[in-house]
Amino acid sequence: MKKTAIIIFVSILFAGCSDKLVRVMPYEKEYFAQDKMNLSPIELRGEQEGHIFLIREASAGGESSFQGGCGCR
Amino acid sequence: MKKMILILMMSLSLVASLKKGDKEVEFKLPGLYNSSTVVDSQSLKGKVVLLNMWASWCSGCQHEMPLFVKLQKSYNKKDFEIVLVNIDTHKENGIDFLESVDPDKVLTALYDQTKYLPKTYKVPGMPTSLLIDKDGTIVDVYIGSFDEESIKKLQKEIELLTKSSK
């Protein structure tokens, strides 16, 4: 009985420690809030990338009607 | 079995965090604009206080700040005071943002470089605001940012607290 109690007590204590070590607390998320930490940074330059993709592939009429799909732009 | 329950409860109390009815944590923090001005929690006793922990990088904090300015303007600071505790690593970021929304410096702004208050209160989210009564007891805990609706509810609570003699 005593042994079980000690095991439970120690495991709860360790669980508390691991939570503090692993979890980034809300007030520590300053660097996570930066733009460069965005999960999809490509999204920010998506328009530019799309334009380059369409020119390179030359498979469609570009992103808008006035752009040609000749691959020459 | 009784011993086990006791041990379990004691262990849980070790990880307990912020709750209503607790006494506020004593602090002494410098001003955000002027570090030579130090504000002591003792000096806030006798008035209703909304203690807001915020940072310039937190979008929710940015959202609620204009609401706070409006709210503070509708009260005398002797009765109700909004105390902002900034936890930015570089306080210039906090100053730049706050000056843009509160050019008249209506809000009391403090700087907590070591993040002492959020660490002590173990805040579960940013921003977190605590409504503290004249006695220094935490009356309500608000996790996340306020909007037009919730600020009206808060205002009602402030009305009650400022009128009570306690």
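I take contact to mean heavy atoms within 4.5 Å. The model is predicted.

**Helix 5, chain B**

I started with the packing of helix 5 of chain B. Its buried residues pack against strand 3 (48-54), helix 2 (59-73), strand 4 (80-86), strand 6 (128-132) and strand 7 (138-143) of chain B.

Which residues of helix 5 of chain B are buried? I found B:Ile151, B:Leu154, B:Ile158 and B:Leu161. They cover an arc of only 75 degrees around the axis, so they sit on the same side of helix 5 of chain B. The spacing rule explains the pattern: an α-helix has 3.6 residues a turn, so residues three or four places apart point the same way.

I then turned to the other side of helix 5 of chain B. There B:Glu149, B:Lys153, B:Lys156, B:Leu160 and B:Lys163 are exposed.

I also checked the span. Helix 5 of chain B runs over residues 148-163, 16 residues in all. From first C-alpha to last it reaches 23 Å, close to the 22 Å expected at 1.5 Å a residue.

**Chain A**

Next I looked up chain A. Its secondary structure comes to 2 helices and 0 strands. Of its 73 residues, 12% count as buried. Chain A exposes about 6,000 Å², and carbon and sulfur atoms supply 62% of that area.

Which residues make the nonpolar surface patch of about 440 Å²? I listed A:Ile6, A:Phe9, A:Val10, A:Leu13 and A:Phe14. I followed up one of them, A:Phe14. A:Phe14 lies in helix 1 (residues 2-22) of chain A. Its relative accessible area is 59%. Exposed means over 50%, so A:Phe14 counts as exposed.

Note on methods. Residues are numbered from 1 along each chain as its sequence is written. Chains are lettered from A and ligands numbered from 1 in the order in which they are written. This is a predicted model: local features need pLDDT of at least 70, side-chain atom pairs count only at pLDDT 80 or more; totals for chains, interfaces and linings use all residues. Side-chain values use heavy atoms; hydrogens and water are left out. Patches are made of residues with over 30% relative accessible area and no salt bridge: like charges are joined within 9 Å, nonpolar side chains (Val, Leu, Ile, Met, Phe, Trp, Tyr) within 5 Å. Accessible areas come from the Shrake-Rupley method with a 1.4 Å probe; for residues, only the protein chains shown count as cover. A salt bridge is a side-chain nitrogen of Lys or Arg within 4 Å of a carboxyl oxygen of Asp or Glu. Helices (H or I, at least four residues) and strands (E, at least two) are DSSP runs, numbered from the N terminus. Buried means under 20% relative accessible area, exposed over 50%, partly exposed in between (1.4 Å probe, protein chains only). The expected span of a helix is 1.5 Å times one less than its number of residues. The arc is that of the directions from the helix axis to the C-beta atoms.
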